[in-house]
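This report describes the overall build of a protein chain and then turns to one of its helices.

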Amino acid sequence: MKVLVTGGAGFIGSHIVDTMIEKGYEVCIIDNMSHGKERNINNEAKLYKMDIRDSKVIDIFQIEKPDYVIHEAAQICVNNSITNPVEDAEINIIGTINVLEGCKNAGVKKIIYPASAAIFGNPKYLPIDENHPLGMISQYGVTKHAVEHYLRVYKYLYGIDYVCLRYSNVYGPRQDSSGEGGVVSIFCDKVRKGETPIIYGSGQQIRDFVYVKDVVRANIMALESEKSGIYNVCTNTKITINELLICIEKIFNVDIDPRHVKERKGDIRDSYMSYEKIYKELGWKPQYKLIDGINGIKNHLKFLSIDKF
Ligand SMILES: NC(=O)c1ccc[n+]([C@@H]2O[C@H](COP(=O)([O-])OP(=O)(O)OC[C@H]3O[C@@H](n4cnc5c(N)ncnc54)[C@H](O)[C@@H]3O)[C@@H](O)[C@H]2O)c1
């Protein structure tokens, strides 16, 4: 079986590629390398260095004829979407339509797509389930959600099965710690450099951190199941930013004295999500606790002898 992974040189996509190859799938990647890294690319995967905004990507689907597509490539930065909404829509919507047209022409059986908790905005109730009302507060939230509609339409018109996975805050090795990268990788990076982590507000904000290996497993279970639909991928575990820092402090065996600054406009106060639906229908639940995941990051940094970066 062949899988085409867009964004397969990025954080989540590259972990998906590695696991699919271990499981015996043939894998090819489309990635423009805007955020992807050479060192993330599995030797056994074929890379097409292309931009999904370019309609020529549709030809790659004809050449490769993948059975399945996992579409991770995206503009992922909330702030970029606010300052450059056109580019955000071009990548996340137009780029995705090119991917879907490729799927249609090549007879792809199923596509797996990552949406985001960003589509809910400030929660009306917790934990957030799949029926929670939408309330996007950024263009990124809008474009990630728009694709959910395109997926339904492509299934209706052309019979392409899909699963849309709404991730909470994904963390793990290979996550970018620059810019708006995940808070876990930013904190770990600060700690290894001996710098002071910054906490916006009191640090009592609640988040739901899901480990990348659990996310990979959700993608593969979704791909291999008969189901189509929308599922949260999360832990339903409430972790405050202060608790996160304590956990990092223990694992890296350091004392951390964070700097508190004013809360950022637009940040969501508390968010955690329910995984009841995906557990009932696909049998998925998270296996990694935060402490295991952060140990995974620490081992990865050691393995890379991180000083070189
Ligand atoms: N990381 C999270 O916490 C999180 C949460 C919810 C949803 N998601 C979604 O998961 C997916 C993967 O996110 P990630 O954290 O691995 O990000 P990432 O930036 O590490 O990976 C995205 C990959 O897509 C590639 N890419 C970007 N624009 C492209 C384009 N125009 N053409 C081709 N390739 C392009 C980048 O080079 C990169 O390798 C994204 O769709 C993101 O919206 C992530």
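The chain holds 10 helices and 13 strands, where helices (H or I, at least four residues) and strands (E, at least two) are DSSP runs, numbered from the N terminus. Its radius of gyration is 19 Å, close to the 19 Å that the globule rule gives for 309 residues, so the chain is as compact as a globular protein of that length; the radius is taken over C-alpha atoms, and the rule is 2.2 Å times the number of residues to the power 0.38.

This is a predicted model, in which local features need pLDDT of at least 70 and side-chain atom pairs count only at pLDDT 80 or more, while totals for chains, interfaces and linings use all residues. Residues are numbered from 1 along each chain as its sequence is written, and side-chain values use heavy atoms, with hydrogens and water left out.

| Property of the chain | Value |
|---|---|
| Box filled by C-alpha atoms, along the principal axes | roughly 55 × 45 × 40 Å |
| Residues that count as buried, of 309 | 53% |
| Accessible surface | about 14400 Å² |

Buried means under 20% relative accessible area (1.4 Å probe, protein chains only), and accessible areas come from the Shrake-Rupley method with a 1.4 Å probe.

Helix α8 (residues 241–252) has 12 residues and reaches 16 Å from its first C-alpha to its last, close to the 16 Å expected at 1.5 Å a residue, the expected span being 1.5 Å times one less than the number of residues. Its buried residues are Ile 241, Leu 244, Leu 245, Cys 247, Ile 248, Ile 251 and Phe 252. These cover an arc of only 160 degrees around the axis, which puts them on the same side of α8, the arc being that of the directions from the helix axis to the C-beta atoms. Just after α8, Asn 253 takes a positive phi of about 55 degrees.

Definitions and conventions. Buried < 20%, exposed > 50% of the residue type's maximum accessible area, 1.4 Å probe, protein only.
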